[in-house]
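Student: I have a model open and would like to go through it with you. Could you show it here before we start?

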Amino acid sequence: LNVLRPNVLTRVSEYVPEIVAYIEKIIANGLAYESNGSVYFDVKTFDARSNHYYAKLVPEAYGDQATLQTGEGDLGAGDGEKRSPTDFALWKKSKRGEPWWESPWGRGRPGWHIECSAMASAICGQSLDIHTGGVDLKFPHHDNELAQAEAYFDNDQWVRYFLHSGHLTIQGCKMSKSLKNFVSIADALKRHTSRQLRLAFLLHSWKDNLDYSDNTMEQAINYEKMLNEFFLSVKDVTRHVTGETRLDSFHKWGTREMELQAKFSQTKEAVHITLCDNIETRPALDSIRDCITACNVYLRGGDPDCLLLRDIAAYITRIMRVFGAIHTSEDIGFPISSASAGNSNVEELVMPYLTIMADFRDSVRGLARSLKATGILAECDKLRDDVLPNMGVRLEDHEGRATAVKLVDKDTLLREREAKKKAEAEKILEKERKRKEMEAAQALREAQKRVPPQEMFKSETEKYSVFDDKGIPTHDREGKELSKGQIKKLQKLWQAQEKKFLEFQSSCNNHVAT
């Protein structure tokens, strides 16, 4: 998943001595008390101190027993031991069968909140810059963490910034083993790549709930495809540009280049602002998408400024690396890995040879066209469509310019090929279906022409019961006389059928005469 390893991994079972010492200092500071082998935090006394106040994150939850009980569980059951219902356990006397550690108050176990305060304080000291966690942990867990640490250090700001993330849901419900609606990372990676999962998260605000669904992943897949196609196109048109630049590498910018550079500058500014504003990645990715759209429009205009395009592609690559969507040091685009290539850059190794092959194929295709050698053209198409995709190579033929050569993941190309074949097969089936429909409609029209107008309504006995001498209905099935308006419409239909029938008879007579 390209997640950076933590600097330290703490386990509660390894920090029990530190937790006990932490609790002892809070008691010494007058903000906790022992009761029947358990230790409770004195919320009222803490909140009365001039440099403290309780429930900073969710002030309205102070005194809410239902919320407190939900957060505390069995640890919140004081059985008359607590001085106030709002007090919470720092150390809980263990019952028979429960895990325990020795302490000055007897055998027991740490409270839920004290574990985090003690371990974080042991590693990071008396203040944290950023503390993260799920939005459901605001109260009581994070508020109690704050109270404990500030009581221990006797300061008024243990955490400077809290980042509370939204829930990851499935079909609108929070993932839960009890509901059996959870998806493991291993299962998710069977369906999608780690980059696609990361893009799915980046395309949503970290503070909002994210529903893991086919629609969510489809958005991520489409964004990844847009990025990759852009990178491949820029690589193709700028392949002759190396790391070394000379005076003749630069060309005067025209209006198109000035407009694209302005868009590039706007994009960088927008990305910077949105990331500084609460680390919002979704608007940043939207700005990058708009910039890529402008680049694609610019590319269609022909004769592009390669250095400008490479600068833009390199910037987007760097942002994707910052976002963890790229884990290697490529200048442009997503990495192309190969087990046989070791640590070498596969693209740098094979692209010169593929370019020579593509140029040779272009020459062969040109000669084959002039000679109308369809067999040779078919072999060139076979190389493009059937052979090279198995090697992770895509050729894109363009009228009037050299064939584009792009290295793409083999599995992606094979899926594209199968999708193309499926689309072509469906197109053929749709064409055949329409042909049959047209034939059926034509046969129906021909059959209708053969019906004399006097007979056209007489088979519709479910609608009509009485007909005049021309066969035009005069009464409905219940024997009720039809209105003048209804009869007028039927007369028009009768006249139209008479015309068709006369044309049919005329064509038959002409055929006999011939």
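Student: How far apart do the end C-alpha atoms of residues 414-451 lie, and what percentage of the span is helix?
Tutor: The end C-alpha atoms of residues 414-451 lie 56 Å apart, and the span is 95% helix and 0% strand, where helices (H or I, at least four residues) and strands (E, at least two) are DSSP runs numbered from the N terminus. Please keep in mind that this is a predicted model, in which local features need pLDDT of at least 70 and side-chain atom pairs count only at pLDDT 80 or more, while totals for chains, interfaces and linings use all residues. Residues are numbered from 1 along each chain as its sequence is written, and side-chain values use heavy atoms, with hydrogens and water left out.

Student: Which feature does UniProt place at residues 414-451?
Tutor: The unreviewed UniProt entry places a "coiled-coil region" there; UniProt positions are given in the numbering used here, feature names are shortened, and annotations may be inferred rather than shown by experiment.

Student: Which salt bridge do the side chains of R435 and E439 make, and what is the N to O distance?
Tutor: R435 and E439 meet in a salt bridge at 2.3 Å, N to O, a salt bridge being a side-chain nitrogen of Lys or Arg within 4 Å of a carboxyl oxygen of Asp or Glu. Both residues lie in helix 14, four residues apart, about one turn of the helix. R435 is partly exposed at 36% relative accessible area, and E439 is also counted as partly exposed, at 45%; here buried means under 20% relative accessible area, exposed over 50%, and partly exposed in between, with a 1.4 Å probe and protein chains only.

Student: OK, and how many salt bridges does the count come to?
Tutor: The count comes to 31 salt bridges, and R361, R365, D381, R384, D385 and D397 are linked in a network of them.

Student: What does E229 pair with?
Tutor: E229 forms a salt bridge with R394, with the closest N and O atoms 2.9 Å apart. Because E229 lies in helix 8 (residues 214-237) and R394 in strand 10 (residues 393-398), the pair ties together parts that are 165 residues apart in sequence. R394 is buried, with a relative accessible area of 11%.

Student: Switching to D476, is that residue buried or exposed?
Tutor: D476, which is found in strand 13 (residues 473-476), is buried yet has no salt bridge, and the nearest side chain of opposite charge, K480, is 5.9 Å away. For charge, Lys and Arg count as positive and Asp and Glu as negative, while His and the chain ends are not counted.

Student: Where does the backbone nitrogen of K480 lie, then?
Tutor: The backbone nitrogen of K480 lies 2.8 Å from a polar atom of the side chain of D476. D476 also touches K463, Y464, S465 and L482, leaving aside residues up to four places away in sequence, where contact means heavy atoms within 4.5 Å.

Student: What about I292, buried or exposed?
Tutor: I292, found in helix 10 (residues 281-300), is buried, with a relative accessible area of 0%. Not counting residues up to four places away in sequence, I292 touches M226, L227, F230 and I316.

Student: Last one: which domains is the protein divided into?
Tutor: The protein is divided into domain 1 (12-165), domain 2 (191-323), domain 3 (346-408) and domain 4 (451-513), with bounds that come from an automatic or database domain assignment. The centres of domain 1 and domain 4, taken over C-alpha atoms, are separated by 92 Å.

Note on methods: Polar contact = N/O pair within 3.5 Å; in protein donor to acceptor, adjacent residues only side chain to side chain.
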